[in-house]
Amino acid sequence: MKIFWSYARLDDMKPKRKISKLRKEFENVLSQTVGKKCEVFFDTDSLNWGVKWREEIERSIKQCDGFVVVVSPSYFNRRMCIYELQIAIDAGKRIFPLYYRACTEFKSAFKEDGEEAEINRQLNIAALAVAELQMMDFRELRNEKLDSKKVENFLDGMAGAVGL
């Protein structure tokens, strides 16, 4: 099973790198849940030096079995994040929103004028799709240790839903 992990790098800043660690724990739990090694695409770990990164991201999304969206205000403000989401939607991928940080709105607001007006309009539409999907709410667990019983139970539930 291959899963694409879509997140905003701003949410994964050093020194804690919480998103990276959460992704790795999820990959382990998902592998245990389905009974075989699973791969969770994560740009900083999955992209090799010298590859055409945009093409590799597009290929990985099109080949994945599911697409995890780490929902946060930063996610909706990053064009590349919403572009990844749009590719997943267009490819008919199962999308699993993980509500990571509270958002006042579940939408992007890229300017719909000028040279990139049509592209931005399509990105804004894609962002709205997240609000229509049932999310798994991780907000209250965000500051818990990854090996806590609460986080482990959450990851078990998440892996069970994704691994169906």
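Okay, let's start with a word: "buried" means under 20% relative accessible area, exposed is over 50%, and partly exposed lies in between, using a 1.4 Å probe and protein chains only. Keep in mind that this is a predicted model, where local features need pLDDT of at least 70 and side-chain atom pairs count only at pLDDT 80 or more, while totals for chains, interfaces and linings use all residues. Residues are numbered from 1 along each chain as its sequence is written, and side-chain values use heavy atoms, leaving out hydrogens and water.

So, which residues are linked in a network of salt bridges? They're R23, K24, E27 and K37. A salt bridge here is a side-chain nitrogen of Lys or Arg within 4 Å of a carboxyl oxygen of Asp or Glu.

E27 has 6% relative accessibility, so it counts as buried. One partner is R23, with the closest N and O atoms 3.4 Å apart, and R23 is buried too. Both sit in helix α1, residues 18-34, four residues apart, about one turn of the helix. By helix I mean a DSSP run of H or I, at least four residues; strands are runs of E, at least two, and both are numbered from the N terminus.

Next is K24, which meets E27 at 2.9 Å, N to O. K24 is partly exposed, at 36% relative accessible area.

Then there's K37, 3.9 Å from E27, N to O. This pair links distant parts of the chain: K37 is in the loop between α1 and β2, ten residues from E27 in helix α1. Buried or exposed, what is K37? K37 is exposed, at 58%.
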